[in-house]
Amino acid sequence: PPAAGGRCVAVLQRLHPDGYFAGTLGRRKQPFVYVLRVDRGGQRDVIEDAYRFGSTFGPLDLHLLAQGDHLRSFEKLGAHRLQFDDIAGVRFAVWAPHAGQVSVIGEFNQWDPRVHPMRRHPDCGVWEIFVPGVAPGMLYKFALFDPDGKRLPLKADPYAFYAEQPPGTASRVFDVSGFRWSDEEWMAARADRARRSSPVSIYEVHLGSWRRHPGAGKGYYGYRELAEHLVPYVKSLGFTHLELLPVQEYPFDGSWGYQPTGLFAPTSRFGTPEDFRFFVDTCHREGLGLLLDWVPAHFPSDEHALAHFDGTHLYEYGDPRKGYHQDWNTLIYNFGRLEVRNFLIANALFWLNHYHLDGLRVDAVASMLYLNYSRQDGEWVPNVHGGSENLEAIELIKRLNAAVAHEASGAVTIAEESTTWPGVSAPLEWGGLGFGYKWNLGWMHDTLDYMSQDPVHRGHHHNKITFGLTYAYSENFILPFSHDEVVHGKRSLLEKMPGDEWQKFANLRACLGYMWGHPGKKLLFMGGELAQRREWNHDWELDWGLLAQPAHAGVQRLVADLNRLYRSQPALHQRDCEPAGFRWVQVDDAANSVFAFLRSDADGDFVLVVSNFTPVPRDGYRIGVPAAGRYRAVLNSDHERYWGSGYPTGEAIATEPRACGGFPHTLALNLPPLATVFFKLKD
């Protein structure tokens, strides 16, 4: 119609039975939507001008999307409910620059790509359309055609906020702006809860197998049930944070979430996005931080997802030497492409800001940093300098951490990085990668290797324990006993321990005590606190029945008491990342497999930690201490409360005024077998 100033390039679509129709107009390079009313007599009238019902992408949006700098791209791309006076509908937008044609299909148009062809913004490759009458919860996908008119596999929306339950793969229209948060106080102070000087003790959990309902089906607990049961359980154990294995929508249960296809959608297995927000809100109300595993290193090749999205290698590198993960049969993001970099950074900010998450544990960072990661010679492409560093991934990581620091105040990023790459948790201004923390995988492997040895042989592996302190302060470390260590034939923590039944439990308790005494923040995967016997299986819940047995219940009580001691004693957490907070007391007694060290805070208060890693009690074991007085055991992993032997350590052990091991005073301790004991000066 002349009043709208353009030519009609799409079939009109009915808004509702009262005679309102919508169509697409093209004026020069800028497409618009107009609304037309046709009365029963055939008269027509344009009731809204083109700009009113036009594109909601402003010039700045288009510029930032084209430049890869739109940190809130999720507010523009995807499916968004809009209201124009009495006309309600959804604006769909998708980035597909090489497609010849794109349509949105769904329950609202019988999945017919002819009904709603989208219009293209040529400057940034985004296609969009406003579709009236689309209701929340409706399923949809995008139908794409290559420039030659060949139809591509139907694609889910990369920016969808909600998805169809697997095995379905469609996206759902959902408005994520309606939830009313009650965690304002938490959010204002969350930066304090993950500082290097704060106690950080993390319970890592896979939501689908923590606990399940008996009976038919998978029996998943929903997000709201988990808020009711998981949150108080973790709180009762004294942990400061929960960490979730990935909950971004994923098609294959066996991937544990590490092959996500819907990065902006919490998986529908456990409920709606609003249910997930309720879960987060509950964590914060109960004083628990919430961390999320986040997977920017790779994505699955499922045809409904990002792979070959618009008929080209859009999200992934085209060269399989850079774009294919041999270990996981997945594709690698093109970290050098501005739009892909923006997609990932905006996604990280989305979870931290819109879902109020307190941090992201970034998965498989080593595979991002190295072009030759898990590749033989000839299977990888060197960088422009001939080296193996992935310069594009490094730039992404630095931009990510800078964006989080600037746009998500108080949130933390944590690297799962398994190499000696320097400065992973060093600030960007110091030339580091800018993560808040790094998993200490070297400490984890050495400790578990040492503990798996028969005590009679541990003296020959003494350096497995001592070596970790040579690099303990090179990064801000988290000590992880994670999910990766209790699957794929590695055995559970309990079954890694040698000896008879009593010795297995004693070894595990001594190991956990040593871990909580050692410098570094703590992480324990679910089931470790139960002394789970079998390996973790994502298809089964934890063996809760074990708690009826005193040995297993004892380990659970020990974990809770370790957390309370760790949180209540600044000496055990305030200087986790500072060498001034640690001093060896006994480091070279390989013959007896005894280790002793001091943890101290900035005020000079200290805790003495002693581990005896043999089943032989050591009476009158002499060590030096810095202060005279009477010392008492404030936690003993061999206590009867934990199903230990209850070997007496003494109520108050007085020092002797003679030097020992470089200290001015001496203690003569009775060390229980296979135990870690924490001592403090008696008030």
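Rings of Phe, Tyr and Trp (for Trp, the six-membered ring) are taken as a pair if their centres lie within 6.5 Å, with planes under 30 degrees apart counted as stacked, over 60 as edge-to-face and the rest as tilted. By this rule the count comes to 50 aromatic pairs. The structure is a predicted model, in which local features need pLDDT of at least 70 and side-chain atom pairs count only at pLDDT 80 or more, while totals for chains, interfaces and linings use all residues. Residues are numbered from 1 along each chain as its sequence is written, and side-chain values use heavy atoms, with hydrogens and water left out.

The ring centres of tryptophan 210 and tryptophan 544 are 5.2 Å apart and their planes stand at 80°, so the pair is edge-to-face. Helices (H or I, at least four residues) and strands (E, at least two) are DSSP runs, numbered from the N terminus. Tryptophan 210 belongs to helix H3 (residues 207-210) and tryptophan 544 to the loop between strand S25 (521-525) and helix H14 (550-568), so the pair ties together parts that are 334 residues apart in sequence. Both tryptophan 210 and tryptophan 544 are buried, where buried means under 20% relative accessible area, exposed over 50% and partly exposed in between (1.4 Å probe, protein chains only).

A further pair involves the loop between S25 and H14. Phenylalanine 525 and tryptophan 536 have ring centres 5.1 Å apart and planes at 75°, so this pair is edge-to-face. Phenylalanine 525 lies in strand S25 and tryptophan 536 in the loop between S25 and H14, so parts eleven residues apart in sequence are tied together. Phenylalanine 525 is buried at 3% relative accessibility, and tryptophan 536 is buried with a relative accessible area of 8%.

Charges also meet rings here. A charge sits over a ring if NZ of Lys or CZ of Arg is within 6 Å of the ring centre and within 35 degrees of the ring normal. Arginine 211 lies over the face of tryptophan 544, 4.2 Å from the ring centre, and the charged end of arginine 277 sits over the ring of tyrosine 355, at 4.9 Å from its centre.

Next comes an open sheet of six strands, with antiparallel pairing and the order S26-S27-S28-S33-S30-S31; two strands pair if DSSP finds at least two bridges between them. Strand S26 (582-589) and strand S31 (653-654) stand at the edges with a single partner strand each, so one side of each is left without a neighbour in the sheet. S26 and strand S27 (residues 594-600) pair in the antiparallel sense over five bridges, with phenylalanine 582 opposite arginine 599 and aspartate 589 opposite valine 594. Four residues lie between S26 and S27 in their hairpin, where serine 593 in the turn has a positive phi of about 55°.

On its other pairing, S27 joins S28 in the antiparallel sense over seven bridges, and serine 611 in S28 is the bridge partner of phenylalanine 595. The hairpin of S27 and S28 has five residues between the strands, and glycine 604 there takes a positive phi near 95°. Seven of the seven residues of S27 are buried. Both faces of S27 are covered, with Val594, Ala596, Leu598 and Ser600 on one side and Phe595, Phe597 and Arg599 on the other.

Two cores complete the picture. A nonpolar core is a set of buried Ala, Val, Leu, Ile, Met, Phe, Trp, Tyr and Cys residues joined through side-chain atoms within 4.5 Å. The largest has 177 residues, and Phe92, Tyr203 and Phe279 are those with the most contacts inside it. Helix H7 (residues 338-354) gives the most to this core, with ten residues. Apart from this core lies another, of 18 residues, including Leu608, Tyr621, Tyr631 and Phe663. With contact meaning heavy atoms within 4.5 Å, and leaving aside residues up to four places away in sequence, phenylalanine 279 touches residues including Tyr223, Leu226, Leu244 and Leu290.

Valine 102 has its place in strand S8 (residues 101-106) and counts as buried at 0% relative accessibility. Not counting residues up to four places away in sequence, valine 102 touches residues among them His116, Trp127 and Phe142.
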